[in-house]
Structures are given as structure tokens and as C-alpha cells.
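This report looks at how two chains relate to each other, and then at two local features within one of them. Please view the structure before reading on.

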There are 2 protein chains.
Amino acid sequence: MSRIAYVNGRYVPQSDASISIEDRGYQFGDGIYEVIHIHDGRFVDTELHLARLARSLREIAIPAPMDNAALLVVLREVVRRNRVHEGIVYMQITRGVARRDHAFPLGIKPSLVITARHGNPFPRDIAAWTATAITLPDIRWGRCDIKTVNLLPNCLAKQKAREAGAYEAILIDASGMITEGSSTTVWAVDANGVLRTRHLDDHILPGCTRAALGGLLRDNDIAFEERGLSELEFRAAREVFLTSATSFVKPIVSVDGVAVADGKPGPVTTRLFALFARHADGAGHNAASGGPVLRPRGESDQTRP
Amino acid sequence: MSRIAYVNGRYVPQSDASISIEDRGYQFGDGIYEVIHIHDGRFVDTELHLARLARSLREIAIPAPMDNAALLVVLREVVRRNRVHEGIVYMQITRGVARRDHAFPLGIKPSLVITARHGNPFPRDIAAWTATAITLPDIRWGRCDIKTVNLLPNCLAKQKAREAGAYEAILIDASGMITEGSSTTVWAVDANGVLRTRHLDDHILPGCTRAALGGLLRDNDIAFEERGLSELEFRAAREVFLTSATSFVKPIVSVDGVAVADGKPGPVTTRLFALFARHADGAGHNAASGGPVLRPRGESDQTRP
């Protein structure tokens, strides 16, 4: 079965799906995106992703191409046509097509592209889900809180990780503080046993999986601090793990070739891995295809089982 | 006459010209570009632009889609088909089309897109070529020396300039030093009468017009220093001007609403405007269309009149 993409109002074979060479996404990276995990036929953390999408658009002054209810209909239709039960749905919104000029053109419509693809089922065995990381200087721009497609620094960092045989590049800013991974949020259990992840500001993406996990921690009375780690604190950590819509809770067992503690997933990571797996399995998600789950505007989009 | 674009080996009507939604230029801004000014049917500073193109590609490990001789043939053909005698030619090279993944995919071919468009003739009257600027914090990434299409910060800065009724946003880094404009090189005659522009490093683009003007300054025994200006020095400058392939030598007569000196182009700017106009008019450029100007590889591509 060939994959189907949604491109500006049309469902087209993905192999033919194209955008204009004067789309500002292509010429300037003038756009934003989101990736939602699909597990057991349902979107995970939909509302968090759609809220972040709306925020990203606002921050760079791109009008939303449609409201969230309509967007959910299209997302589900792309998932349905591609028969994705486990995988991801990807959406990208750019400012649109215009004669090349840095400043925003007037009177153009934003471009919306949506694709879906199959992925492996949610991992059940944490021992098979471990990974390694390297560290690199964070040379990205000053607004990494916006999920833009200006991703070249992230690509270069991820490529360096791959060349080093590692899963992720963890970034360290000029003041020696851990920011985040090239496409993940970084968490650690520090030498004092405190679970920590960096506070939100302009220098990291407000991770949806980070937010979902934070909610689970609060619901389960598990203490954690939103406070950045210095490089020294990070290298002395008892446990390190990453979160993202596709990494879930990912134990990092070595950093720059040095084992984290005994080189195995620690107890906190193991507990949170299980907790997040239940969250991904559980109630509170939108059906990724079919079902009368849309609510009138202004009400929650979440389904209640 | 409809415009013609070159897209990966084909000359197509620009209104139909498209690239895949999975082109990494679109999904990651994983690509680079150049703009060459066409004046009186000739490319201005071709060798500088092609050398910078090659450097940009090397820095992010994208293989050149063709050698410079072949690229010049295509550039000329695009210019010829669009009958551009005064204007610009734009070329963009991205890593190519692949399943979305931050790290570099293996075995793909880079994408090459070339367009040309008409522009106004080279300005003859400096009084009609003056402009204004605002200043903004420089929040771009740490490798602005690479001419990538990750241009969202530049677009946001240019938009702020436009909203303020100004031509350009001049950027100031966290240490209070002038870096460059959102799409231009910044020059100033400081309070001591010294002509200065920032030294090259990772934080500014090595401007081709900057380099060409530097050569003219040396040829004409006009002293200048490659040394960055602090914000204080900049605001006390006697003259400010910008350079780029499309701004040429552009006098800035006010910054943040405050007149530079008496608010008219100064004597140094006026002299350099004339000097650069002669350079653009003059010998040493490649014919933008037609003519047996290619040299065997390894020799200079420049025409000798």
C-alpha cells in the first residue's frame, strides 16, 4: 500500500506529494511542526501537542490554517488512510508560498502538510530500550522553545551522535548547563537522588512527553525539581533518561563512553518507564481514527472511556 | 512570459516548480543557498559566490550536485530563459529527499533549485538609495558563517524592521557587539574617522560584497579595519552603510529613529558607493548568459575582457 499524505486540502500519494519551491518552509525554514505518537490506534497526549502547535504558530505569527477540531479530523483521516495503528503522525505548517523576501508577505495562506507512518509498538522491555549519548555544545538559536523546522543544528548534532555510535547528542550551553537533547528532553537523578529536569525557558522545547510525565509524577506523589543540571552535576548523575513523543522514557546508560552508574537502567527510570507505558496505554487519549470523539468547540477534545 | 525554474535537472514553469514534502530543505532547513546579482547581463562577483557555496556545502557535509563549470552553465541557462538582464539568480541546494530522520540519510542525491528574476537596475543616485535601520538582539545560532536556509530568525528580524518602517534590522550580540544585519554586512566610519567592519568568525556571514569591497579598498589604498564595533561605538558612528549582493553599498541615515550624523550619506559612503558601482559595471565578471566564458577546470572562471 502506498502512503497517503495530506497537502493543502488534498490527499495524495506521498511519493507525489510536493510543495512549491517558493514555499517559505523550503526557502527560509519559516514554519513549525508537531509529531504525535499513535499507540494502539490512539493519539497520545493530543491536547498537549495541539496546544504547543498553536503556541508555536502564535510566536512566529503564522495564522492557524484551520481550527483544532478540523485539524483532528484531517489527522485522523491521514492515519486511517495509512492504516497506522502504531506509529506517528507528522504535521508541518509553513507561512505559505510567496515571492522570496525575508519579511512576511501579505495575503498568503499557510501551507499544511500531514503524513503518518508505522512504527514499532510501544516498548515493553526496558532492557531492550536503553541507549547511549554523547555531549556537544549547544549552538542553537535563542528561541528553542518554538518548535520550528529550522532544525539544521539539531540534524548536525544527531549526525555526530550517530557517527559516535550513540542515540542522542545532549547539549551543553555556554554557561555549562545541560539544555536538552537534539530531539529529546533530558532528565537525571542527581548524586543526591533528586529527580530533575531543566526549567522551561527560551532555550529548550516545552516537551509534551515532559509535561505528561510531570503530570504523572504529581499524580503519583513522586518528587522532582524543574531545575537545570550543570555539566558536573550531570556527569555525576545516578540515572539519566530522555523523553520525547518517540523516545517515551529512554534510559541512557552511557554518556561520552562513560557508564552512567552501573550502566543499567536505574530504579527511578524503570518505575517511570512503566508509569509512562500505562499512560500511553491508558485512558484520556483521542482515538486516532474513527469514533465520534470531537466535542463542540470550547469543550475538551479528550475522549472519556 | 512565465518564469522558468531549474529543479533537479529540469527546466519547468516556476508556477509548477515543486519539491517533495520529504525534501530535507522543507522538513529541516537542511540546505544552503546563494544569490548572485546580475548587472548589465553579467554575474557580479561570481567566483566569490561559488567559493562560498562550496564552503557552505562542505561545512554541513552536503556533496556538490555538480561542478562549478556545470553549475555556471545551468545558472546562465536559467538567466537566459528568464531574459534577466538586471536582477538576481538564486540557487538552493538541500541534502535531498529521504524518510524523515534528523541524522543524515545514506545514498540520497542533493536537490538543486535555481530561479532568476528581474530587479531594478543598479542605483546611480545615492540620495535615492538611502535607508533606515533598527537594532535587535542577535539570537541566531553559533554558525552564521554558513549560508543555510535556516533563516527564520533573520525573517523575524526583517519583519520587525519592516513593521518599524525600516529597511534593515542590525543585530547586537549578548556581549554588546554589532554582528551584522539580518541579510547584510554592517560597516561604519567610527567617531575617529576609521572605516570598520566586523572581523570574520562563526557569528557572521562572510559577505561576498564585503569581500569585493575589501578588495576595492585595498586596490585604492583606502584604509579600513576588520574589527567589530560595540553598540556604543556604533551609535557614535559618523557614517553607517550596509553591503550585500542586492543592497550593494547602502547608506543608513538613521538607526532606531536617530539620525546618523546629519542624516545624509557621508563622504566615505559616497565614495565607496561610486567605487562599487564601477566594480559592478566593470571588467572581471562572468557573462550571465551566452559567450564562451568557461575555462577548463582548474583555471579561473573569470572572463578577461
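This is a predicted model: local features need pLDDT of at least 70, side-chain atom pairs count only at pLDDT 80 or more; totals for chains, interfaces and linings use all residues.

## Two copies and two local features

The same surface serves both copies, as 100% of the contact residues of chain A recur in chain B.

In chain A, strand S1 and strand S2 run antiparallel and are joined by four bridges. Within this pairing, Ala5(A) has Val12(A) in S2(A) as its bridge partner. The two strands form a hairpin with two residues between them. In the turn, Asn8(A) has a positive phi of about 50°.

A pair of helices comes next. Helix H2 and helix H5 of chain A pack with their axes 9 Å apart, at an angle of about 135°. Angles over 145 degrees would count as roughly antiparallel and those from 65 to 115 as roughly perpendicular; H2(A) and H5(A) are therefore oblique to each other. Their crossing is right-handed.

Which residues of H2(A) and H5(A) meet? Leu48(A), His49(A) and Arg52(A) come from H2(A), while Cys208(A), Ala211(A) and Ala212(A) come from H5(A). By class, this contact has four nonpolar residues, one polar and one charged.

The residue ranges of the elements are listed below.

| Element | Residues |
|---|---|
| Strand S1, chain A | residues 4-7 |
| Strand S2, chain A | residues 10-13 |
| Helix H2, chain A | residues 46-59 |
| Helix H5, chain A | residues 208-219 |

Methods. Residues are numbered from 1 along each chain as its sequence is written. Chains are lettered from A and ligands numbered from 1 in the order in which they are written. Side-chain values use heavy atoms; hydrogens and water are left out. Two strands pair if DSSP finds at least two bridges between them. Axes are lines fitted to C-alpha atoms, for helices over the stretch in contact, and angles run from 0 to 180 degrees between N-to-C directions. Angles under 35 degrees count as roughly parallel, over 145 as roughly antiparallel, 65 to 115 as roughly perpendicular and the rest as oblique. A crossing is left-handed if the near helix is turned anticlockwise from the far one by less than a right angle, and right-handed if clockwise. Contact means heavy atoms within 4.5 Å. Ala, Val, Leu, Ile, Met, Phe, Trp, Tyr, Cys and Pro count as nonpolar, Asp, Glu, Lys and Arg as charged, and the others, Gly among them, as polar.
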